[in-house]
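Got the viewer open and ready to click around? Here is a short walk through the structure, one selection at a time.

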Amino acid sequence: MVRGAARQRLPRTGPASRTTGLVEKPSRKRKSRTEFALKEIMSSGGAEDDIPQGERKTVTDFCYLLDKSKQLFNGLRDLPQYGQKQWQSYFGRTFDVYTKLWKFQQQHRQVLDNRYGLKRWQIGEIASKIGQLYYHYYLRTSETSYLNEAFSFYSAIRQRSYYSQVNKEDRPELVVKKLRYYARFIVVCLLLNKMDVVKDLVKELSDEIEDYTHRFNTEDQVEWNLVLQEVAAFVEADPVMVLNDDNTIVITSNRLAETGAPLLEQGMIVGQLTLADALIIGNCNNQVKFSELTVDMFRMLQALEREPMNLASQMNKPGMQESTEKPARRENPHKYLLYKPTFSQLYTFLAAAFKELPANSVLLIYLSATGVFPSGRSDSEGPYDFGGVLTNSNRDMINGDAIHKRSQSYKEMHCLHPGDLYPFTRKPLFIIVDSSNSVAYKNFTNLFGQPLVCLLSPTAYPKALQA
């Protein structure tokens, strides 16, 4: 059980600000379901009438909280991924129920062990979902302090070996839960640049996958081996490592450090414009990625974040911080991470970010995507005549090229042309194009007189580096 380590990790304010009672009063329908589960659980432990009323109520309340938490957690996938306000109340309710569930199983552990048969992997599953909640809250808010919270719960699961007994049970679905926990933990550690922990987790995950496929002869062996290959390639590609004067390896972070902000040039005025929102889009063919996060997206999202305060001390003692020792909340630009979005998805997220952009703020669009070149010469030279960058399609692909060839008289419908972004220049816009056809955005027109910056990657390597 996570006693000293993680019981204080759920926030009392912010995402879970409402703490009404310990257990909500279940509806008749919910009550009948938990009572049925109670009878099933207690039938093996002796006559139901022999169970004290207080213990019976404890198990009933726990079943209700567990059922409610699963409902709310599963409902997270139905929330819109765009927009910054609609989801907050739902996340608050979910955090609130998990707070109650976590405290409840700690306070009544002995009764739950004896009457419910609570297993350690079930405690681990609750802690794992709390870690997922914090991770997704980080994705929604861009606040790195929530990454630290996710790390604390994931690390506590590993330290206390909550999933250690899973392999002894003949249930492959439980082993899959364990494997998915490892994959999620690796993502969080990558985002926190905890490369030593990542390497240990990859080794453990490799052993778990080998044992899993050997015992159950499953069909998803190829998929899990692909996960290992992806994370190995990701670790090799990033982060950037340099040697100190004493030949020790130092991993450099792309995040902005407290003392690393560049000085303003003379005459510059602070506070005129603020970077408030960013779309980070990755759609390159055959690029190194892990869990729908390409290396380019990974580096850019960190470049738009401040380094968490007291990160080293927090990671050395995962979960042992008191609430007063938590890093102060500091605002980072809100980010949308879009891996191989379709044109309609990209436009939906872009429109949502544009709509919610505060006054005196800038929207950043980072496009790391395969170039789409014009199919033939055009008599005009408009914003749709130079091609652009690729968006995802559902058509069959062979080596990254679409099977279906369109007539040269039509534009590529799955291309994001420079003209597609013109409507959004009504507000301050910062565009970064990292593509083989970045020159398509070279003559980007500022139609509305708002601040506009467009940075383009080179389209070819210098001769000295081509070898």
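## First stop: a loop residue

Start by selecting Asn193, which is buried, with a relative accessible area of 14%. You'll find Asn193 in the loop between H7 and helix H8 (195–216). Its phi is near 60°, a positive value in a residue other than glycine. Most residues other than glycine have a negative phi, and most peptide bonds are trans.

Keep in mind as you go that this is a predicted model.

## Zoom out

Now show the whole protein as a cartoon. There are twelve helices and twelve strands to find. Of the 467 residues, 46% count as buried. Colour the surface next: the protein exposes about 25200 Å², and carbon and sulfur atoms supply 50% of that. As for contacts between residues at least 6 apart in sequence, 74% of them join residues at least 24 apart.

## Into the core

Which residues have the most contacts inside the largest nonpolar core? Select Ile186, Leu190 and Leu191: those are the ones, in a core of 83 residues. Helix H7 (residues 172–191) gives the most to this core, with 13 residues. In soluble globular proteins, nonpolar side chains tend to be buried together.

Stay on Leu191 and bring up its surroundings. Setting aside residues up to four places away in sequence, Leu191 touches Tyr135, Tyr138, Leu147, Arg255, Leu293, Phe298, Leu301 and Gln302. Another core, of 25 residues, lies apart from this one; Leu338, Leu346, Leu363 and Leu416 are among its members.

## Rings, rings, rings

Show the side chains of Phe, Tyr and Trp. How many aromatic pairs are there? The count comes to 27. For one of them, pick Tyr181 and Tyr182: this pair is tilted, at 5.3 Å centre to centre and 55° between the planes. Both partners, Tyr181 and Tyr182, are buried.

Next, select Trp87, Phe91, Phe95, Trp102, Tyr134, Tyr137, Tyr146 and Phe153 together. Ring pairs link these residues into a cluster. Click on Tyr146, which is found in helix H6. Tyr146 has 11% relative accessibility, so it counts as buried. Then draw a distance from Tyr146 to Tyr134: they are twelve residues apart in sequence, and their C-alpha atoms are 5.4 Å apart in space.

Two lysines are worth a look while the rings are on display. Lys129 lies over the face of Phe73, at 5.3 Å from the ring centre. Over the face of Phe354 you'll find Lys427, at 4.6 Å from the ring centre.

## Along helix H5

Select Ala127, in helix H5 (residues 120–141). Is Ala127 buried or exposed? Buried, with a relative accessible area of 0%. Leaving aside neighbours within four places in sequence, Ala127 is in contact with Trp102, Phe153 and Ile157. As for Ile157, it sits 30 residues away from Ala127 in sequence but 7.1 Å away in space, C-alpha to C-alpha.

Carry on to Ser142, in the loop between H5 and helix H6 (145–159). Its phi is near 70°, a positive value in a residue other than glycine. With 1% relative accessibility, Ser142 counts as buried.

## Last stop: helix H4

An α-helix has 3.6 residues a turn, so residues three or four places apart point the same way.

Buried means under 20% relative accessible area, and Tyr116 counts as buried at 16% relative accessibility. Tyr116 and Arg56 are 60 residues apart along the chain, and their C-alpha atoms are separated by 9.6 Å. After H4 comes Gly117, whose phi is positive, near 75°.

Conventions:
Residues numbered from 1 in each chain as written. Predicted model: local features only at pLDDT ≥ 70, side-chain atom pairs only at ≥ 80, totals over all residues. Heavy atoms only, no water. Helix = DSSP H or I, 4+ residues; strand = E, 2+ residues; numbered from the N terminus. Core = buried A, V, L, I, M, F, W, Y, C linked by side-chain atoms within 4.5 Å. Buried < 20%, exposed > 50% of the residue type's maximum accessible area, 1.4 Å probe, protein only. Contact = heavy atoms within 4.5 Å. Phe/Tyr/Trp six-rings, centres within 6.5 Å; stacked < 30°, edge-to-face > 60°. Lys NZ or Arg CZ within 6 Å of the ring centre and 35° of its normal. Areas by Shrake-Rupley, 256 points an atom, 1.4 Å probe, with all protein chains shown as cover.
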